[in-house]
Amino acid sequence: MIRQRTLLLGAASAFALGGSILCAGVAAAQTSAATSSQTEAQDDTLDEVVVTGFRGAYASALATKRNSDQITDSISSDGLGRFPDLNVGEAIQRLPGVQINREADSRNATISLRGLPGSFARTTLNGSGFADPILSTSTNMGSTPLGAFNSDIFSGITIIKSPDASNVAGGLSGIIDLRIAPALSRRDGGFVKAAYEYNDLGSQGSPSYTVAYNTHLSEDFAVFGTLAFKEENFRRDSITVNSWANRLGSIQVGNQAAPGANPIYDALIAANPGGVYYPSQMRQFVRQNRGDVFTGAGGFEWQATDQVRFGLTSFYTKRQLDEGTNHLLYIENGAGQNTNTALNATSAVTHFTSLGTPYVAADGRAYINTFTSENAQTFDSIRSEPVTQRVWAVNPTVTFENDDWQATLEGTISRAEARSDQIELDIVQNAYRNLGPAGLNGITSSVFTGGNDLSRFRILLNTPNATHIPVSGYTIPVAANSVTQVSAVMPGQLATVAGDRFGVTGTNGRALTELDAVQFDLTRTLNGPILTSLTGGLRFESASFASTGSRNSAMGINLAGLTQSISEVNPYAGDFFGGEAGGYTSNWRNVNVRQVLAAITPVNTALRTAANPNGLTNQFLLDPSTGVFLTTYGLVNNYWDPNYWNNNFTNSNDTFSAYGMAKFDTEVFGFRAQGNVGLRYEKLDTSIVALDCQGCSSVRATAAGAVNHFVTERTYGSDNDYWLPSAMAKIDLTDDLVLRAAYYRTYVRPQPRDNVPITSVLTPDPAVVNSPYTITIGATNLSPYTSDAYDLALEWYNRPGGVFAVSLYQKDVEGYIGPIVDPTRLCPSNGLINGVDFGLGPLTISGTNCLTAAGVQVQASGSTNQDPITVRGAELAVQQNLDFLPGWLSHFGGAANFTYIDIEGTTGAGVPITLPSVSRKNVNLIGYYETDDFGIRLTWNWRGDYDLAAGNSFVGDARTVKSRSQLDASASYNVNDRITISADAFNLTDATRSEYQSDPMLPRRIDYDGRTYQLTLRATF
């Protein structure tokens, strides 16, 4: 049998710069079924291999790549060292075709692979699936959050770019295989590691500790274990233009209650019939992440006889950012988030006092990015946002093997939890407040967005009432709902107009995933002139995803503690953005979330009466016989919000698989050819059970009255089956030149939360100016998407430790699931949104707005299977060590790779499709210098611009992320044969992450993380 081997090299040997680690053991990470791979790994224990530093690590990666039938890239460790990166995702972004996504504020480290978003890849453990801690697709595109794992438990990570028939299905863009070496293949001994991470933004530090030990209790029985703990304490500062509002009609400057003519801007409007746009809401905010990560792995192996082996590998990880908080300051130039009144010639509220010169973009629209205004509305929003990601898996195996047969039975039991709770407290200073002789709130502001660079933005904000909280506290209006919440009508103000308010809201989400599987593989070794083995297998997998969600509200809260004493200066106002954005406003308030929550609960769950004016209306009773449904914070659930009924469902999938594969090793026209041909069959049964809230979608509870809704369950089901052929070939053109070709077909089932179960419609709220219809289009009939993939690669191993390689690929994808972006489907003239009549009548498109005949805005969103798309890519890679040079020059070495991606397809409306979180170009440059005692490595990564997912064509959320580069460095010194000290520095270039809307002069967001430093002490024993 042709054995395919992956050297498991220590991270001290893989990445620590200097020193030698003696590593014995192999794993077949890149081929066939995981159970078969583990068996081969133990059966073919290699002779001892001495590896030193980076040079040895890169040589190991080349050995893995060259010996595989498939197209792979990998990094490796045996647990005796480290990956010199912040997390697993940061480490594998160095490989060709891998791009890390930095959208999340908590270092989730999701990736895009080979031109496709993260949900197109499958993450496995030793070749077998496990339960993913995935909650939402909005940020991480449904891919595994690699930041949830401590990398010290892994022996290596292999990117399988061309899966064969024996690999589990689902890796349309490839498979990210996390490797934990089995016990018998490990060298006896262990290590301890202590590290300290320092983040210069906020001067915050976090320690981490790891201990591991491997031992052979006898010649035939071995055990291993690794425990890793890390505190997390880091933050991200951000500035956003959250919305660009559009004004159709004449613009006035000055007191708009008595407008004067402004011919300059009237002429501008006449020349720009699409309207003039301005930043109607800007934000500055700090996301603080505090918590810890605990990860462990362990297992045993017993060679019971010469032919029978038992084994078990397991891991557990829990990442809990239980002190995650978000501190935001909103500046709104209008009476509400969705209003255009700042440019309304008849407005007596927010108005401009001066306007800068507009910028006219390529689309002909005019944009104002600098102005002054009076009576803006401000929010101080504090959000407690704890995050939990937990997953464990146990893989028992039993293997029988002799000279002719190999049979493996493997089981998987895995559970995962992803949880994100949020309580949002909003201190809102309303534009309608009566504070001065003008009868308005007295807030003045001067705004400059920074043009194409938000780091240059400027907000000068003057607010007379620093606390934003009325002296007399708050009251609840009679017609209270989720928007007015807790409000105070100020003296002299019309009773029908909401005043300042204290908002209580926030979305809570939880997903529990269960995966149980059993797999049987059988291999017959052959000695034929062509075929070397025949392999077949059966697999049954049962997976379920249980999603729950709730929405906090202010209904029934205790008001006694809501006084000015709860307001304090924001703790981050003094060092926001690390001093790199000097134009922010420091007039920024804060509250203690735990203190406020303790003050406002327990809630008053009695019905509202004359004697109990702060009680609840009947609409808040889920069932009058059982009482009120409270959220995890003890607050009344806002159950007519889509975050409730759309996110309460179960999605179950039962998958039966069978495969057969033949491996060959022969000569073709005098060239040695190796590879495999196989066929996999998959039958998928899906069942979705969702809530259907009758009456919730068309009413907002505003007053006492009869119960006008009820909640029922609705069940959906679908069956799909797939035939998935594959073929791989590796041809040795010369001793140094290898040609590869591969074809495979696979499919990916939709991420559970892509299947929004119920269509929901929220009608305009009379308490909010310009409140829109908000429509979420249900999608329970989405089909899995499929792909035919073709690969061709040429690799020249010009010298030991060196390679020049080029890889070309094409993926023809059918049924890709993406947002509906066709304006004619979201805002059709006949009013049938995506074919459904919502009773709104004919609709028209005005600029970026969809309007009813009465001028009410409509915001519709949904997902659908898209038209076919084709993704083509090219990956160029070079790796060389320079040990052939004389003297000190021989200590140099390095690697470089470049990826180019081209995507063809349309959204269904003839508009070229763009896949979210995918850059067309990506570059990695790596250089190192190492001796026996010390070394240093520099790594530079550049990623081109890319688009984010746009869920609605009419709210301006289609965004592009600017290109970005980052320089990292690692250094290490070997104190002796057992002790190593290393230091790492990340983002030495102090790079930011920026987004814009259609034109760089329309900035939307900039994120600042600062630099991070890490000092590590490792000792082996």
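In which strand is Phe 400 found? Phe 400 lies in strand 23, residues 387-401, where helices (H or I, at least four residues) and strands (E, at least two) are DSSP runs numbered from the N terminus. The structure is a predicted model, in which local features need pLDDT of at least 70 and side-chain atom pairs count only at pLDDT 80 or more, while totals for chains, interfaces and linings use all residues. Residues are numbered from 1 along each chain as its sequence is written, and side-chain values use heavy atoms, with hydrogens and water left out.

The protein chain contains 8 helices and 61 strands. Of its 1021 residues, 61% are buried, buried meaning under 20% relative accessible area, exposed over 50%, and partly exposed in between (1.4 Å probe, protein chains only). Among contacts (heavy atoms within 4.5 Å) between residues at least 6 apart in sequence, 74% join residues at least 24 apart.

Phe 400 is partly exposed, with a relative accessible area of 31%. Together with Trp 405, Leu 409, Val 518, Phe 520, Leu 522, Leu 538, Phe 540 and Phe 656, Phe 400 makes a nonpolar surface patch of about 760 Å². Such patches are made of residues with over 30% relative accessible area and no salt bridge, nonpolar side chains (Val, Leu, Ile, Met, Phe, Trp, Tyr) being joined within 5 Å and like charges within 9 Å; a salt bridge is a side-chain nitrogen of Lys or Arg within 4 Å of a carboxyl oxygen of Asp or Glu. Strand 30 gives the most to the nonpolar patch, with 3 residues.

Five strands form an open sheet of mixed pairing in the order 5-10-11-8-9, two strands being paired if DSSP finds at least two bridges between them. Strand 5 (72-76) and strand 9 (128-129) stand at the edges with a single partner strand each, so one side of each lacks a neighbour in the sheet. Within this sheet, strand 10 (residues 156-160) and strand 11 (residues 174-179) are antiparallel over 5 bridges, and Ile 157 stands opposite Leu 178.

A further open sheet, of 4 strands, has antiparallel pairing and the order 18-21-26-27. Its edge strands, strand 18 (351-355) and strand 27 (458-462), each pair on one side only. Strand 18 is joined to strand 21 (residues 370-374) by 4 bridges, and Leu 355 has Phe 371 as its bridge partner in strand 21.

Conventions:
Areas by Shrake-Rupley, 256 points an atom, 1.4 Å probe, with all protein chains shown as cover.
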